[in-house]
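Please look at the sequence and the structure below, and keep both in view while reading this short report.

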Amino acid sequence: MNIIKDFKAFLKIKGAWYLLLGLFLYGIGLGILAPMNAVYMSEGIGLTKGEIATIFSVSVLLNMAITILIGFISDKMKRKKPLPIFALILCMFGLILYMQADTFLGALIGMVIAVAPSGLIMGQLFAMARNHFMQLAPGIYEMAQIWLRAMMSVGFFVGLLVGANLYLVASFQGILWGNFLGYFLLFVLLLLYKEYEPVEINSSNTKGETFSLVMLLALLLLGCADSLRGLYLPLVVVDLFEQPQLMSYLWSVQAIFELLFMTFSGYWAMKFGSKRIILLSSFCAIVTYSIYSTSPPLFVFFLVQPLYSFYVSVLFGVAMGYVQRMFHMKIGFGSSLYVFLFQMASLIGYVLPFIIEGYKPQIFIIPTALVGAGILLMIGLAAYNRQKQAPLTM
């Protein structure tokens with residue numbers, strides 16, 4: 001394991017800087033809006049808990065349908081770049097409508113147009129990147145994708161800081177325009193990017209993973225827990241401490257450690273196996289959710305963020321490569337399926353907290369149970385595989 005040597009080789013890959021900058025800009029756009037979106041709907045527009053969940057759910061449902069449909073056909077397309085470009089145009093138009101919304105219907109229409117096509121952006125960007133790196137750097141293409149995902153986290157971190165300050169200076173409108181600018185710059189960059197044609201894939205240049213419905217289900221449960229946290233943690237923190245900007249600072253701490261863990265988790269996954277690292281990170285998530293649910297003081301929320309950063313770095317780095325390798329002969333579909341899986345997780349995660357009234361910290365009992373179920377599935381699968389292989393070694 002030579003991280004420095006591999007990273008230097010990665011930076012020398014022709015065209016890699018376009019992809020790095022593109023994911024950085026995409027991350028900025030997400031980071032500016034993500035911690036404040038639910039708060040904007042609640043305090044800026046005046047929507048109820050049910051209306052907020054409905055808007056998120058409808059948006060994600062349409063996003064899922066579009067993402068998986070494009071995933072089926074994208075591998076038949078010689079060029080994938082037009083897909084994220086078109087999606088960005090729709091997202092920017094939707095954001096303009098969302099900015100002007102002052103009713104539930106207006107927010108719903110704007111959010112649907114802004115969010116529904118967005119699955120094409122991340123999924124097809126990583127499909128293009130995988131083709132790019134497999135053609136120009138086949139020896140490090142797995143880590144190249146993880147570093148690309150890490151750059152998206154860098155952008156997310158910058159976006160969090162920008163978003164917190166935009167809120168203080170220009171309230172919610174500043175945040176929405178900042179998100180729009182991130183999408184616009186990515187749009188311009190994609191117009192300049194030269195896409196590489198897909199490479200012929202065989203067993204000599206890529207290693208696939210055995211398809212496992214159980215692992216996909218386990219990842220779905222882990223994703224449900226994270227999406228629940230993503231939507232409801234800002235609302236819980238605002239309810240407890242009455243300072244919306246705190247969430248941007250809290251997620252900034254997470255992003256810093258996420259960058260550190262993203263690289264190490266990738267190498268650990270190559271050495272010890274992706275499933276073991278996913279399992280280990282899941283225990284970190286259970287500890288974090290359990291602490292959240294006890295209504296701790298503010299400094300404890302910051303204190304446990306490194307644990308959660310490890311979980312997120314694995315979920316969005318190692319798990320992405322794991323799912324792609326399940327469908328290594330269909331790169332576009334594998335990338336879209338990963339996005340689809342976590343879109344479905346978002347939908348479930350948004351709805352589950354309705355069994356708990358308001359924005360109480362006890363909401364986090366739910367993701368604790370979800371991750372616990374995911375851990376049991378992974379342990380059960382490992383035990384089954386071990387038992388299955390035992391007769392062969394006797």
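**A lysine in a loop**

Lys80 is found in the loop between α4 and α5 (82-99), where helices are DSSP runs (H or I, at least four residues) numbered from the N terminus. At 2% relative accessibility, Lys80 counts as buried, a word that here stands for under 20% relative accessible area, found with a 1.4 Å probe and protein chains only. The C-alpha atoms of Lys80 and Pro138 lie 20 Å from each other, and these residues are 58 apart along the chain.

**About the model**

This is a predicted model, in which local features need pLDDT of at least 70 and side-chain atom pairs count only at pLDDT 80 or more, while totals for chains, interfaces and linings use all residues. Residues are numbered from 1 along each chain as its sequence is written, and side-chain values use heavy atoms, with hydrogens and water left out.

Leaving aside its neighbours within four places in sequence, Tyr338 is in contact (heavy atoms within 4.5 Å) with Met122, Leu315, Phe316, Ala319, Met320 and Val323.

Conventions:
Helix = DSSP H or I, 4+ residues; strand = E, 2+ residues; numbered from the N terminus. Buried < 20%, exposed > 50% of the residue type's maximum accessible area, 1.4 Å probe, protein only.
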